[in-house]
Structure formats: structure tokens, C-alpha cells
Amino acid sequence: MTSTGTPKPTTQQASTTTTSTGTITSPTSSRTSLTVEEEDQPDSLDPAVTYVTPGWEVVDQVYQGLITYNGSSITQYEGVLAKTWTVSGDGMNYTFFLRNGVTFSNGDPFNAYVMWYSVYRTIVMGQAPYWILAQNLAAGNGGNFSVTDAMLDSINYAGPSPANLTVMTYPDQSVQVINASEIQFNLGYGTNGEVPYSQFLATLQTPMAMAVDPAYVAAHGGVVAGQRNGWMTSNVMGTGFYELQSWVPSQSVSLLKNPDYWADGLPTSELNNAIAPAILNNIIIYFKPSAASIADLRSGTAQMILAPVTYYNVTRDIPGVTTTILGPAFGSAEATSYVYMDPLAFQPFNSTLVREAISYAIDYQAIISDVFAGNAIQWVGPVPPGFQDYNQSTAGLSPYQFNATKAADLLAQAGYVSKLPDGTKLNPNGTPFPGVGFLYDSDSPTDTQAAQIIASNLASVGITVNPLPLPYETYTSVIYSGSTNSTQYPMGIGFYTEDYTASIDYVYYFTSDNYVGTSNYNDPSAIAWTLNASASSNNSVVVSDFAYITRDMYYNYTNVWLYVADFMTVNQSGITGMIPNPAGSSAGYFLYFNTVEYTG
Amino acid sequence: MYLAKRLVGSLFVLLGVALIVFFISHVLSPDPALLWAGPKARPETIQAVAAEYHLNAPIFTQLYYYFQGLITGNFGLDPQTGRPILSEILFYAPNTLELVLAAMAIIVVAGVGLGYISGMRFGTKIDSAIRIFYLLTWSTPYYLGALAAVLVFSSYIPIFPSGGNGSVGVAYNSITGIFVLDTLLQANWPAFESGLYHLVLPATTLALLSFGIVPRIMRSSILDTRWSTHVKAARARGLDEGEVRRKHILRNALIDTTTVVATTFGWLFSGTIIIEQIFAWPGIGQFSYNAIISANYPVLVACVFVFTLGVIIANFIADILYTVLDPRITLGEGG
């Protein structure tokens, strides 16, 4: 199979836009500058380390990788630092033909050697997101070859010696330099084993595979295996259309147009939306609570903000502001929510009847209307709604329904005392349902509200839950930890957001990772289907595997699938040029600021 | 002698605080590597973090390494950013100090002034109005007050910026780390003006939401003093009323108020956590908050160190001020 990038950005999918007419008070920024406000800030600006949307947002503007999504698509790609690429027939080898004349903003050259360094740097550093690449790539070949930190720091990438070339062109390794402008990725060395990976390009689109200047890193601490580089946390040197002017932690990031951008002189015919020079000179991103951002939007101080959809009714009424509800899947790292129930941590969850009862006990529509004012949808996992394979994977299945009577009946059948909505006890001589801890993210107002509704729903059928709120950071460290640690947190609201934009990323999480937050689901068939889907480039095989998994989880009530909140975009009406993409990180829903214009 | 005693005492306070924070952090988060490695980190990444920070070692071994970092003065590396903690503290602390000192100036002027007026106009409508004002601001939660300030003065009547310290896009050399001071020292007037402009709203908000105790104590001290025998005696001696008020009433009333102002200084540091978040102020409050929620105890202890040091210094200054305000008080005497 051969794929080549053909630029042609598509427009965003289903969306609802509300523009309030009227006048706004005089904006303070000029049209060459854009002020964006959002709540969360970057964790790091090192492409090998950053693992949150605001970090990727900045990194996407200053660093570049080989390829990226074509416009709003997540199935078609276009070249960035690579001009074209080919994939071998067995899907095990990806060869990229690089652009000439690419330089970092300090003038250092980009070439295949630099790309080799950049990918191995991520792997050798081994920070939290490195596994995205490590599924298919590794520092060693399991035998006589291994890339080390010392090796990475010792090679001359601008003019490699014969010994350097021997290392980089060695064929039995994950990343192999063919020549200065050609590089090949050989799959099969990573944790997935010797199999192809249909979404390999999606993993290469992430910051983890972006080009980093080896000379710059070497001058500031180099590479140390297993450790972060403090300098690279807050300093950048990329090939992108913007440069970092300042990052004041807890306050702001300021980006300035790269005056020496390598693509400045390219003819229009060679440009695409991912490499076109920036239109705006300066992007300033402030980190503020949503309420303060909305005040700034109202005064014109901010032109674009990132706010939860729960503020929809507020922002849509601000004069001169456009508020858009994006369709499912759009919006950064689609967050899917569900209730997990770990049978290993809490004995009653071994009963399918109990899990089914819980699925009937929850009033989904009440959550969607009370918590999200209707701006959320119910879903059936693990493939997220809006993704290419969702409709086919869930064909014939409807989301779980609220039916308190049926929930009480099922609970009674499982041997427990339960209650009907009118208070009548069923199976009064049965076993009282033991109290169960219920974990949720206390930093999330929506999860907190949803947890209260769920607790009330469950109490009404005879299940007492003990709320276990944890702040976000602690909460995520629990739900993403090994399921052996789950005794204290047998149940709760789980959520999953993608690490890279592909259905398989979600499916892998729910079937194969054995986290606290996945109900300790460990079905060999599901794992086999997942692996088969991940290796197949035949979409009907993928969909079929996903459908098996979906049904297996659905009828076992492995998780109670709750909701996926809508995502909204909010900006002054004169802001245009954003190209929404489900992988978007800039202001949460598009990838690159270079195409953004401000004519307000 | 007094200074030496205070220094030794302070050292023990710092030591105790460090120990308490260290042990509390360990109880609250028995496995910090999970948090430090980042979300969804794979076991090998978590293991690498645990090894780097000796998290698998017995707790007293961890304590040894921890104090080693403290004694050498660099606090080690921030497990979440990889940067030296000392350099992070030196970036954040001056920003908070700028905010706190500006707020303190407002508190001292407004708090002492209003307390004095209230006490001297005891029982009048002015007294009532001042009392209502400071009770109202004092009882307002920081979050609500700060958001209301942003909404009113940055949105509906947009006369002040809603956030930041004015340093975005400004080229200047950091000397003290305090933006307003540095730009003043370098005679960078546009940046200085921008810094002041950005400082007004958060500093005033922080001051007003924290200052209630100062006018209250001041008022009460004025009431205690103004009818005391020595004031009556001063008047009987025919002293000018202005001199009586300045030297005999205000000066004596300031002794109690000084204690409260010093306490308020420490209180302001904790108040900045919310103020800094809402006003996007890059201070140590936000830095500490992030450290708390991620069980980042190496950073947390460093922050608590700074807070504790601030309180110790403020109290020390208060002690010295006592001697200035009341010549009968001598430092170090009477134990």
C-alpha cells in the first residue's frame, strides 16, 4: 500500500453555531495579535514529556513532526516535515521522504539524522507518553543493538561520521536512516510484538515524534535515560511557524511568528494548512478560571476562550461572540465517562445481575439535562461516538436505559434487599447490599454533580454508595493505576480521553490495560479481538472486532456507559480560519494557530 | 543575644515544619511516583521515577535524602518538571511578595486609617459604615470577591486588566524577581507602568478581603486608649489635641495592631492561592496548590519553607516595631 499526502482541508462536521449580534466594547488587542484564555496550563513544553492538551497546544505551534491530519480528517494525513511516504505491503515498514531546506528557528538544519535522534530521544527518556511510540518501536532490537542516551549525545547530526552513519543506518532497528532525506520506521520491536499497527501514523502525529534540535538539547543537558530535561521543560527550539516568546508558569504563554520560518519562501502550491506560515504575529494564551475568561471575553480582552459546555447559555448571549457546539468526537481528546465496577475489589460486582441492576438504576437523561443542560449524549463503549467505527460497532445496541423498577427487581433476583420507586421492599429477607465506595473527580463540577445523582439513584433502589471524591491529579493516579490497587476504590465514575486520535486507543484502554478504572475487565477473547483490530488495515475486520468487543462488554455490563459531553468553541465573531480536528489541542479543538485570522 | 535565640528558635520551627509536611505528604499519598510520573504512565516509567527519588527506600532513608537536599540548599529537582526547585521558588516567590507587599501597604494604610477614624468617631454613622464595610469584605470568600472584582472592574467597567503581572512580551533583566521593582530600577517606564496597572486590582482585592481584622483591632485599641488615664493626663497638661491623638492615642493603639498586621502578612500568603489563580498571577500560591494536589512534597516543603520564613520574618519585624512604638519594651528582656 502506498499513501501520499494530498492537502485539502475539509470543513468541520455537524455543529450548531450561535452568534449573538450586537456591539462589543473596543477590543484591546490589535488584529495581528490574538489573546486566548483557558483554565489549564502546560505540564511541559518538551515534546517527549508533555501529556496534557495545553502542552500539546503550544508544542504543535513550535515543533513539527513528519505528518499530520489532513484538515478535519483523522483518517487522511498530509506531510509536514515529510513530503511523501510509503508503507510496505505487510504494514511493517513506513518510509518517509523528507522536505529539503527545513531548518530550526536558530538555523540548525533538519534531516533524517535529526529525526532519528528525536524519536529515539523520546523512547530513551521514557517519560509518561513515550509508550505511544513504544507500542511499535524500541531503543533496542532485543539483541545486539540498543540506542543509549550517551549514543544520542555523541553523534554529529549535522555531519555524521562513518561510525555515526553505521549506527543510524543499521537495518535491524526501529528507526533506520536510509539517507539524509529518507528515514524508515520498522515496526515489530515494541510492546505490541511483531505485528503491524494500522494506526501507526496517528502515533507519529503526536508531539512524541516531533523533530527536536540535537545541538540545542546537547547544549542544555543532553539526554538522560529515564529522566526529564529541566531546560527543555520551558525552552523550545523547533521548526514550527511560531517561536516561544515566553512561558510564565501559572500565567501565560506568548508565541511570536517565527521570522526565519523555513516554509516562508515556498510557493503556495507546496503549502498545506499544517505548514503554511502564520498569519497572526502574536498568540498569547492566558491561564484563568472559566468565569474570569468569560468576563474577559465580554470586555473584549480575550478573543477566544476555552470553557466547559456548561457555560453555553452564558457565552451564547454575549454580544459579538460566536459560540459553537461541535459534533461528537470534535473537541480535544474526547472525554468518555462511565461507571466502573471492579468485581475483584467488591464481591457483589461478580454478579451480572447486580451490574445490570446498576445499569437500570441510573437516570441518564436526568444527568444530561441537569448537569449538562442537554449538551451531552449517552454512548455505548468502548469505541467513542463520532469516530469512524462507532455506528457500525454499536449497530443494534441502544444506550442503557433508566428503569428503577427493573433495577430493584434485578437486585432482588441477585439475592439482595431492594426498593421499588414507591418504597416497597423487594426480597426483604435477602442480604442488605453492602455499602460501596464511589470514586469521582472532585475538581470536575460535572462529575461531582453526576456522582450525586448516581448516588441518589442507587440509594433509591437499595444500594448505598459512600462518596470518595479526589482531586483530579490524585483521581487520575488511581484510575490509571494497576487494578490490584482497587480495593479502596471498587466503583466510581471513570473517564477516558484519547492519547492519540484513533478508536483503537480507546478500545485498548478498556480491554487490555487492567487499570482500576476499567473494572478489571480481562477477557482473553476481547484482548485477541483488540490485537487483531490493531494489526489489521482491513476496515471490515476492524469493525467486526470492535463489534464483538462492544457486545461482550455491553451484555456483561462491564461498565455502565454514561455520557460524552459536547464541546463548544467560543470566540469573538471576527476570528476565523480554525480547522477543527478531533485531535485538536489549540483552544481545545483545532491543531494549528497558523491559519487563524482576526479581522474583528 | 535575642537575635541568636530567635534564630535558633526559627531554625527549629523550620525543621519541625519540614518534618510535618514530609510525613503528612507520605501519609496522604503513599505512592507519589504514580502522580509524579504523569497520567497513564507505564509501570517502567513509574519505576524510574521511584528509583530517581528513592521512593522504594525505607521512609527514613527518604528522609535522609530529603534533608540532604534541604541542607545543601537546592531543594533538589522538581519531580514533575525536572527543573531545580530552588530556581522555581526564586521565580514564584518574588511575584507573590510583590502582590503581598502591595496588599500589605493597602492594608496598613486603609486598615489603620479606617480603624482610627472608626474609633475616634465611636457610635457615629461613620463608625457604623466603616464597621459594616470591613465586616462585609472580611466575610467575603476570596473566590467570590476576586471573581466579583474581575467581573466589575475588568468586564462591566473595564478599567483594569483581569490578570497577569504585566510581564508578557516585556524584555527586562530580572534583578530581584519583583517585576515592578525591577522595571523601576531599570527605569523601564512603560513596563513599570504596565506592572503597576496590573498590580492594582489583585492587590486591592487581596487587601480588602483580608484586612478586616486590622481596622477592628485598631478601633478597639483606640477605644481602649482614648479614655485611658495617660491620655486624660496629657490633655490635662494642656497638650495640643493633635499631639495627644498622634503621640498618645495612635502610637499606643498601634502596638496591638502591629501584632495583627504581622499575623495578617502570613495570612496573606495563604490568601494568594486563590487570588493568584483568578488573576493568573504567577506566584507561589498557585505553585503550592499544584504541589498539594499532586503530592509533590519536595516542592511543597520548599513552599512551606518560604511561607514559614515569611511569617518568622514578619513576626521578627513586629517585635522590632514594638520597641519603636513603646520605649518601655526592650527585646530579649524578661525571657
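In this predicted model, six strands of chain A build an open sheet. Their order is β15-β21-β14-β20-β18-β19, and the pairing is mixed. β15 (376–378) and β19 (465–470) of chain A are the edge strands, each pairing on one side only. From one strand to the next, the twist averages 25°.

β14 (residues 336–341) and β20 (residues 491–496) of chain A run antiparallel and share six bridges. Within that pair, A:Val339 stands opposite A:Ile493 of β20(A). β18(A) also pairs with β20(A), but in the parallel sense and over two bridges. There, A:Phe438 has A:Met491 in β20(A) as its bridge partner. β20(A) is mostly covered, with six of its six residues buried.

Helix α15 (residues 445–461) touches β14, β18 (436–441), β19, β20 and β21 (559–565) of chain A. Its direction makes about 160° with that of β18(A). Helix α16 (residues 472–479) of chain A touches β18, β19 and β20 of chain A. The direction of α16 makes about 125° with that of β18(A).

A second open sheet in chain A has four strands, in the order β5-β6-β8-β7. Its pairing is antiparallel. The edge strands here are β5 (82–87) and β7 (175–179) of chain A, and each pairs on one side only. The twist averages 20° from one strand to the next. β5(A) and β6 (residues 93–98) of chain A run antiparallel and are joined by five bridges. One residue of the pair, A:Thr86, has A:Thr95 in β6(A) as its bridge partner. Helix α2 (residues 112–125) of chain A packs on this sheet and touches β6, β7 and β8 (182–186) of chain A. Its direction makes about 175° with that of β7(A).

| α15(A) | 445–461 | β14, β18, β19, β20, β21 of chain A | about 160° with β18(A) |

How is chain A divided? The domain assignment gives domain 1 (2–39 + 241–325 + 568–593), domain 2 (67–215) and domain 3 (336–565). The centres of domains 1 and 3 of chain A, taken over C-alpha atoms, are separated by 35 Å. Seven residues of domain 1 are in contact with six residues of domain 3 in chain A. On the domain 1 side of that contact, five residues are nonpolar, two are polar and no residue is charged.

The largest nonpolar core has 283 residues. Those with the most contacts inside it are A:Trp116, A:Tyr120, A:Ile123, A:Val339, A:Ala357, A:Leu411 and B:Ala103. Helix α5 (residues 85–120) of chain B gives the largest share of this core, 14 residues. What does A:Trp116 touch, leaving aside its neighbours within four places in sequence? Its contacts are A:Met168, A:Val175, A:Val177 and A:Ile183.

Another tryptophan, A:Trp247, lies in strand β9 (residues 242–248) of chain A. Why does A:Trp247 count as buried? It is buried because 21 other C-beta atoms lie within 10 Å, and the cut-off is 20 or more. Leaving aside its neighbours within four places in sequence, A:Trp247 is in contact with A:Leu45, A:Ser234 and A:Val253. A:Thr310 is 63 residues from A:Trp247 along the chain, and their C-alpha atoms are separated by 29 Å.

Chains A and B meet in a contact that takes 41 residues from each of them. On the chain A side, the elements that give two or more residues are α8 (230–234), β9, β10 (252–257), β11 (282–287), α9 (290–299) and α16. α9(A) gives the largest share of this side, six residues. By class, the chain A side has 14 nonpolar, 21 polar and six charged residues.

Two elements return here. β9(A), which holds A:Trp247, is among the contributors to the side of chain A that touches chain B.

Technical notes. Residues numbered from 1 in each chain as written. Chains lettered and ligands numbered in written order. Predicted model: local features only at pLDDT ≥ 70, side-chain atom pairs only at ≥ 80, totals over all residues. Pairing = 2+ DSSP bridges. Axes fitted to C-alpha atoms, helices over the stretch in contact; angles between N-to-C directions. Contact = placed C-beta atoms within 7 Å. Domains from an automatic or database assignment. Nonpolar A, V, L, I, M, F, W, Y, C, P; charged D, E, K, R; others polar. Core = buried A, V, L, I, M, F, W, Y, C linked by C-beta atoms within 7 Å. Buried ≥ 20, exposed ≤ 12 C-beta atoms within 10 Å, placed from the backbone.
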